[in-house]
Structure formats: C-alpha cells, structure tokens
Amino acid sequence: MNYPLQIRLVQFLLQETPYNLLSTLRIFQLHSLVVTTGLQFQHPPILLSLLKLYLSNHSTLSHATNLFPQIQEPSKWNLMIRHASATDPLKALSMFREMQNDDNRTTSLYNDPFIYASLVKSCNRVHAFREGKLIHCRVTRLGLDYNVNVMNSLVSFYMGSVNLMSYATVLFDSVPEKSVVSVNCMISGNVNRGNLDVGLRFFVRMLSGCFGANVRPNYVTFVILISGCVEFGGYRTGNSLHSCCCKIGLDGNTEVCNALIDFYAKFGCIFDAASVFRDMPEKDLISWNSMIWGYANSGDCEQAFSFFRKMRIEGLGVDRASLSCLLSACAGCRDLRLGKTIHACVKEMGLESDVSVGTALINMYAKCRNLESARKLFDELPKKNIEYWNAMIHAYVNNGLAREALGLLEQVKPKELQVDEVTILGLLMACRDAGELHEGSLVHSIVENNDLFKGSVILGNALIDMYAKCGSMENARGVFDSMPKKDVVSWTSMVVGHAINGEGGESLALFKQMCAEKFDPNSVTFIGVLSACDHAGLIDEGVKLYNMMCNVYNIKPEIVHYGCMVDMLARAGKINDARMFIQKMAMEPNALVWRMLINACRVHGHINIGLDLVAGIKELNTFCDSADFVISSNIYAEAGRWLDVISHRNSMVAQKYSKSAGKSYVMYLTE
C-alpha cells in the first residue's frame, strides 16, 4: 500500500468510522499509523480525532490523558472537559483551571458555552454549590446566559439543592424561549425532591401549551414522572401517564416501556408489566432484567428463571443485574437448588467477586437457611468492600444469630473500612435482638461522631427501637427528642416502646401528641397503642381507638388488632363482650385468640364457658401447638376433670409436643 493511500485511509477511519465499531487494538494500530506516516505533523487536527477515539473507549482513557499534552489545538480542552464532566466531575473542574493558564487558548474557547454547561453539570454531580454559583457569575459576566444549554444546566444545578430551588424557579421564569429540556429539568428536580405533585403540574402546563406550542412532552418527561410514581406511591397517576403515552404515541419507546415495566412490577401488577413487555417493538437488556426482577419480587421463581433461559436462547448477554435479580428470586422462594445453579453460572462468568452479585449470593444462602455456605463465600471474597460485611451482618441478624453479627464488628475495626448506614442498621438490629444495651450504646456513639449519620431518620428510628427493646426508654426518648426530622415510624417506635415496657399512659399520651402534630398513625402504631390500653386496663379508651382506626383512618384490622381487643376485653372480665367481638371479626380467629379467651375464663371463674370453648375448638381440630394443650388442661383442672387433664397430657406426649422453656438473659451483674 503506497504512502498517500495510507494517509487517506487513516484520515477516513479516524473521521468517518463510528467510534463504537473500533476495538482497542484497532485504535492503537491507527495511532501507530498516524505517527509512522507523519500525519500528526502534516495535519495536526487529526490528533483531535484520535483523542475522541481514546475517550470513546473506557480501556484507553489513560492513553487519552497521555496524548492530550501533544495536541496544540485549543478545542482539545472542550473535548476533555465535556468528557470528564460525565466520568470524573472533579477532574473537569481541575482541567478548567489548567485551561485558564494555557497560552494557546483562544477567546472563542474562553467563551465556549458548551464548556460552561459541562462545568455546571460537574458541580451538580459532586454537589459543589459554591463553585457552581461562581461559574454562574462568570457565565453572566461573559454574556452567555442567553445560551439554552447553559441555562438548562443551571436550572438543573439549582434544582439539585433543596435550599437553591427558588433560584431555579427564577432562572426558569427568565428564559424567554423555553424548551422541553428546560421543563424536564424543573420536573426532574421537583420529583427528586419528593414534590411529585409540582412535577405533574409542570407536565399539565406543558400539555396545555403554556410554554409554547412546540414544547411538548418527550420520552424523558414520561420516564421521570413514571419513576416518580414508583418512588412516591402514585399508582393511579402512573396508570394515567401510561394512557397518555399511548395517546401521544410514545408507548413503543424502549425507555418509556422499561419505566412502565418497572412501575407495574414494583406495584405487584406483574401481568400488566408482562403485557407492556410483550407489546414492546424492541427489547433491551434492561427490559428483560426488569421482568426477571418483577417475577422475583412477586415470588414466581420459576417464571423468573424461564425469562433467564429465554434471554440465553435469544443470544442476549447476561449481566450482573440479571444474575442479582435471579438470586433475589431464589432467596424469595427459598429455592436453594436453583440458587446453587445460578452460583455455578456466576463462577463460570467470573462474576463472583462483583459486589452486587457477591452480596446477592450471601443473601440468597442466608434466606435459604444455609449460613454455612454464606459464611464460606464471605470468607473467600475480598474484604475491601463494606457491602460484603453488611450482607453477612444482616444474614446473621435475620437468622437469629445476633451475637455472631456483633462479632463481625470487631473484625471490621482493624481493617479501617468505612462503615455506612446499612452497617449501622444491621448492628443496631443485632443489639436489639440480643438485648445488648452496652454494645448498642457503643454503636450509638459511632452515629453521634459521624456527621453523615447524625441526621439520618432511619438510624434514629433504629436507635429508638433498640433502646426500647432493651428496656431503656429514657435513652429512646433522648434520641427521639434530638432528631431534627421525624416520620411516622419515629412516633410509632416510641408509642410501641412505651407499650412493651408497660408504660401505657405514656404510650397513649404520645399517640395523642402524634395525631395533634398531623402525623397519620399506621397499622403498627395502632398495634402499639391498643396493646398499651390492653395492659393498662384502659378499656373505653381502647374501644375508641379501635373505632378510630377503622372509621377515621380506614385501616383494615389485622389478626393482631383483633387479638389486642379480645385480650383487652377478656382481661377485664368482659367475657361475653369478647365472644361477641370474635363473632363479628372479618376473619377466622387463630389459636392465639382462643387461648386468650379460654385463659381469661379460667382467671375470672367462667369455667363452664371455658369448657364450651375448648369443646368447640376440639371439634374444629385447631389444636396445633403445645400451648393449646396446656391451656385446655388448665381449664379442665379448674373444673376438677382430672381424667381429661391426664388425657391431654398423654396426648402431648403421644404427639411429641413439648412446652417451650422460657429464657432470661442478664448481663453486667455487679456485686
């Protein structure tokens, strides 16, 4: 091949070939041709094309950095800063400072709006609000605030902070000609801040033509809003957005369909998700993974694995998300055999050390009650990632091995790993389950000494729960009072905490304060306050609260609520009222409800009613626990029917029932 032809071929490949079609080896070969043909001196701009190639391939980014100083073209700064803003925002800001000291920069480059748009995006990604404001000042001084890209970046930047959202609104209102990108920035910012209603109002205004006849919702608009519905529980709104997509003609867009599949799957409407998937003109890996996750979340392990097989048959590349979803399905279905099959597939693909896959494997083995395999895998994995430690800590906690979970804390400390919120949450749950007040206080000190943890509502709630279960309501109250922000779980934890510690009056007072501060109690809150009334003997108050739950808050009673009411009435000796309440229940009473009533009959001397209840239960064949035999034999003993007592005791022996022994645990005794 002659030299001029070589040069023309190199120029063609560098300037005309799509970057994603060239392998790393091909890029290196082209670079060597550029050097050997002297093209870098004959046509210096060719190095810019080579720089683009290096930046397009993740494995050649270091070569782009080495090539950069050799390029004299000022536009090289534009390329590097725009690329760095997406991959390494701090590097983008650093390069801008270097650019200002570059002797080869031109005025046009200094005033390039695309550079400033990239810089604002970098500030947004790393929450560098001070630097972002400085760049905004520079933009205004240079007169670049007319540029649509710059203004859109600034609107998105200010929407990134809850304290700067008013700036975003002022900027947005000042834009003379708004685009769909501008409106999407406002919608996205509001949705990300939990203001879904505000985002929807912008959407409605856009549909009405308030921002111009040409500004219409695009696929990004719908993806933002549908994802917001998933996050903030707007099923009906999401359904309406789906209908709107169909009317506008975006129901065939892959990104919109993926968002809809995720939306329906997370609301448990797997058939609707499957319908969207089936009608998609083009499916990508995200579509398949979303369906696998959906079936896994709905407990249909077989269908999730069936989708995985179809993916393999159709030649789609399986990624870490696919495997993590499948492992979640196996964990949910407690299917150890299938989980081991997926583990073998993970090993074959060499993804065992991937953080998301490794933690999913530990979780799968833990959920399948195979802690030996979970621990073996944990010991084989590198210990540099806190996520593996988190998975193992929660595995122990969820399997009732709280002390083993706390033992891992001692192993984490020497490795100087940065613990996160998940780690602290797991350790607090372990302290709660083990009754380790001392260890819990040590974990609390970790929270207090870390600014990232201090304001966490989740950790605050976990601390309240831990202290309450360990019997230290004084410390629980201290945490509650110091929380800058509280949610319904915070209040519920305190209400339940006072209830389980026998402080019915305090529980009821806190419940009333909760309602006064406009926090709507949930099902668990009512379990706590009804239990408090039960143990404090506040019958009239308990009945009022039960009626409030059903009629005011429209909470459907569960068997636990029914149990609280039956026990409350029965303890007070109102046996007939308790029996009438059971007859009106919307579900069949369980064994525990009957035990409460029978035991109350024995305590309050209603022996005949108790005997009738035992006879009725025997006819229904609901004796399924040793406690049933103990309660019934006790009522027979009170009635003097000793032959029946002996018969029940013999039945327990014959059916190999044994009464579980009570356990007490006392720590830190001092003389």
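**Close-up views of a predicted model**

**View 1. The lining of the largest pocket by residue class.** In the lining of the largest pocket, 6 residues are nonpolar, 7 are polar and 3 are charged, where Ala, Val, Leu, Ile, Met, Phe, Trp, Tyr, Cys and Pro count as nonpolar, Asp, Glu, Lys and Arg as charged, and the others, Gly among them, as polar. A pocket is an open set of points on a 1 Å grid over the protein atoms alone, where a 1.4 Å probe fits and protein lies on both sides within 12 Å along at least five of seven lines, and lining residues have an atom within 4 Å of a point. This is a predicted model, in which local features need pLDDT of at least 70 and side-chain atom pairs count only at pLDDT 80 or more, while totals for chains, interfaces and linings use all residues. Residues are numbered from 1 along each chain as its sequence is written, and side-chain values use heavy atoms, with hydrogens and water left out.

**View 2. The centre of the largest pocket.** The largest pocket holds about 300 Å³ of space, a volume being the space filled by probe spheres set on the points, which are joined across faces, edges and corners. Of its 16 lining residues, A117, K121, N149, N152 and S153 are the closest to its centre. Helix α9 gives the most to this lining, with 6 residues.

**View 3. The surroundings of H444.** H444 lies in helix α28 (residues 437-448), helices being DSSP runs of H or I with at least four residues, numbered from the N terminus. Not counting residues up to four places away in sequence, H444 touches L463, Y467 and V479, contact meaning heavy atoms within 4.5 Å.

Key: Helices (H or I, at least four residues) and strands (E, at least two) are DSSP runs, numbered from the N terminus.
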